[in-house]
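Subject: The structure, and what turned up in it

Hello,

Here is the structure for you to open alongside this email. Have a look at it first, and then read on for what was found.

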Amino acid sequence: MPTAQNTTAAQKTKQTPTISPMANAIRALAMDSVERANSGHPGMPMGMADVATVLFSKFLKFDPKAPNWPDRDRFVLSAGHGSMLLYALLYLTGYEDMSLDDLKNFRQLGAKTAGHPEYGHASGIETTTGPLGQGLANAVGMAMAEKLTAAQYGSDLVDHYTYAIAGDGCLMEGISHEAISLAGHLKLSKLIVLFDDNGISIDGPTSLSVSDDQAARFKASGWDVRSVDGHDAAAVEKAIRAAKRSNKPSLIACKTTIGYGAPKKAGTAGSHGAPLGKDEITGTRAALGWDHAPYDIPDDILKEWRKIGARGAKARKAWDATLGKTDAAKRKTFLRAMAGDLPDGWEVALTKYKKKLSEDAPKLATRASSQKALEVLTASIPEMVGGSADLTGSNNTKTPATTPVSADDFSGRYIYYGVREHAMAAIMNGMALHGGIIPYGGTFMVFTDYCRPSIRLSALMGLRVVYVMTHDSIGLGEDGPTHQPVEHLAALRAIPNLNVFRPCDAVETAECWALALNTKKSPSILALTRQGLPTIRTLPQDENLCARGGYVMFEAACGPRQVTLIATGSEVEIAIAARDALEAKGIGAAVVSMPCFELFDAQDQSYRDSVLGYGAVRIGIEAAIRQGWDKYLGIDGVFVGMTGFGASGPAEELYQHFGITADAVVTAALQRL
């Protein structure tokens, strides 16, 4: 592993006179911004500056004046700790909302230049990265979305590449295996990953913890693989050109020196996650021949960078002209889908379907109800792309409109993700970020544990991704506690900006799907049952009652309300049986269905109080742990649910065994009255 002690920056560089100072501008901005913030990771931007300069100057199709151009190439910095690489590139190429002042505010409160890139903070930040491996999987999703939308709208409108920079850490994370495996299987030939092969992690040399042959690993997954000196601009350029000719996804392992140019810390963990220090920066300036003050980019160098930024305008204008000549209906559909707007008429179709459900009153597991709702929705909304992590028949996520996607045919709308739950979630994030796709995917509710980091990022970025999570309680029965989620609803409800829906019947399931699709800035969980549930909402209504999160399903009938029974999902049926028993005893009891805590909490206080009841005994009923319920139950409220893990056995026996029954609810109510 070369370091500054045995190879000076001048000896190491093999670049043209034009490329070298342009890359050094990135290095200077990175080390100076980290130093100013007294926090950050200077080494990675300094090591990958040459590779990034080649990519942006020779290949990347983008236009800073039209940063959301649909046919731009996507650039993902999966190694998000090196965020100053991205921020420097955005400033240098002329993105209007990335100024020198923004770079000076690196890692400061309220700055666009957060410690790790955050989607939405500034143009050109295609995704939020930092949790390693997530960006790599996002890039797989973007490349998939490119092929899906190209198949739908044609290569005249959709023809771009996805590039990602990933580090050793990204490739150590398990999600990378899942993501690269699927990418290779689907032959995502417009995905090019530039591996920052610097051999250093925070703890020290990567040899402390890993000895994988990454090239062999990617080859085994069906990738085209090349290795180059990451400081040899000509070699990097040649490798990228070759990768673009491949019919496979490509990995280019770029052998780099972390902290390139630093006299003592280059090639060491000392440049990874801390400022270089004043003396080391002075030495770096000398080694690089960069005798400019902090944030002083010479006019000639900045002019060259700005030329690179301006270059894409020609391609973008040509694309605009092509779009203008496109059939009007196709153009309208394309622009609508890329904007994330839903087509006309889908809600009419769903309302008609909902009315039929109320009339027919089927007894269905809500996972089956979800599939029937999806049959209506996927027929009406062509950009919906579904999938499952090897549980299609259990999650009920496939419909007649969603034919399978394969390496040879991306005209379909259904992805067999295989047993890759974590990658599935991150890939769906990438598809949502790309635009033109509304992704949904399924697995068992208990496996949200595998998906959780990506679900959290869905919420942090404000993405419309729908997670279809079935087998949502002990009601799944014999598979036992390994598969029975008890803490998962509480854990998911703890994630900000995530709507967790748990519908009680087929009608509520349709309504929850409508809400998930209408919410552009939040992801959604649909927690669905394995066991059959009766249709409770038998009175046809156009209004989406679930939209307020919770509502009075049945008011007290025999007198003033004395008890409020609040339930979700499969336990609403239990609440209704308990209400009937209490009413028979002359005790006024109301049933509140609470399919979405988050939407209910967003209602005004007067509505919430009217639903929960003034002065009534409140009882929460859910086949899950109590955490999160006390805000509704108050000081004297009762919770009927789980207090520990489940068990293996028939669902009916499990409910009796754990005391989640109408009799238990009635007893609890009588004890409080």
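Let's begin with A510, which counts as buried because its relative accessibility is 0%; buried means under 20% relative accessible area, exposed over 50%, and partly exposed in between, with a 1.4 Å probe and protein chains only. Before going further, please note that this is a predicted model, where local features need pLDDT of at least 70, side-chain atom pairs count only at pLDDT 80 or more, and totals for chains, interfaces and linings use all residues. Residues are numbered from 1 along each chain as its sequence is written, and side-chain values use heavy atoms, with hydrogens and water left out.

**A510 and the cores**

A510 is found in helix α20; helices (H or I, at least four residues) and strands (E, at least two) are DSSP runs, numbered from the N terminus. Setting aside neighbours within four places in sequence, A510 is in contact with L350, Y353 and A373, where contact means heavy atoms within 4.5 Å. Between A510 and D449 there are 61 residues of sequence separation and 26 Å of space, C-alpha to C-alpha.

Next come the nonpolar cores, each a set of buried Ala, Val, Leu, Ile, Met, Phe, Trp, Tyr and Cys residues joined through side-chain atoms within 4.5 Å. The largest nonpolar core has 76 residues, and W513, L565 and I619 touch the most other members. Helix α20 (residues 506-518) gives this core its largest share, nine residues. A second, separate core has 63 residues, including L251, M431, M469 and I525.

If you click on I619, you will find that it touches V563, T564, L565, I566, L633, V638, V640, V665, A668 and A669, not counting residues up to four places away in sequence.

**Two enclosed strands**

Strand β14 (residues 524-528) has five of its five residues buried, so it is largely enclosed by the rest of the structure. Both of its faces are covered, with S524, L526 and L528 buried on one side and I525 and A527 on the other. Strands pair if DSSP finds at least two bridges between them. Strand β12 (residues 466-470) runs parallel to β14 and is joined to it by five bridges, with M469 opposite A527. Strand β13 (residues 499-501) also runs parallel to β14, with three bridges, and V500 has I525 as its bridge partner.

Within β14, S524 counts as buried because its relative accessibility is 1%. Leaving out neighbours within four places in sequence, S524 is in contact with V465, V466, Y467, L498, N499, F501 and A516. S524 and A557 are 33 residues apart along the chain, and their C-alpha atoms are separated by 35 Å.

Strand β18 (residues 589-593) also has five of five residues buried, so it is largely enclosed by the rest of the structure. On one side lie A589, V591 and S593, and on the other A590 and V592, all buried. How do its partners run? Strand β16 (residues 551-554) pairs with β18 in the antiparallel sense over three bridges, and Y551 stands opposite S593. Strand β17 (residues 563-567) pairs with β18 in the parallel sense over five bridges, and T564 stands opposite A590.

**Pocket and cavities**

On a 1 Å grid over the protein atoms alone, a cavity is a set of points where a 1.4 Å probe fits but cannot get out, while a pocket is an open set with protein on both sides within 12 Å along at least five of seven lines; lining residues have an atom within 4 Å of a point. Grid points are joined across faces, edges and corners, and a volume is the space filled by probe spheres set on the points.

The largest pocket holds about 710 Å³ of space. Its lining has 30 residues, and Y119, M338, A432, L433 and G435 lie nearest the centre. The elements giving two or more residues to this lining are α13 (328-339) and α17 (421-434), and α13 gives the most, with four.

There are three cavities of 30 Å³ or more. The largest cavity has a volume of about 90 Å³, and its lining residues include F56, F62, R72, D73, Y95 and E126.
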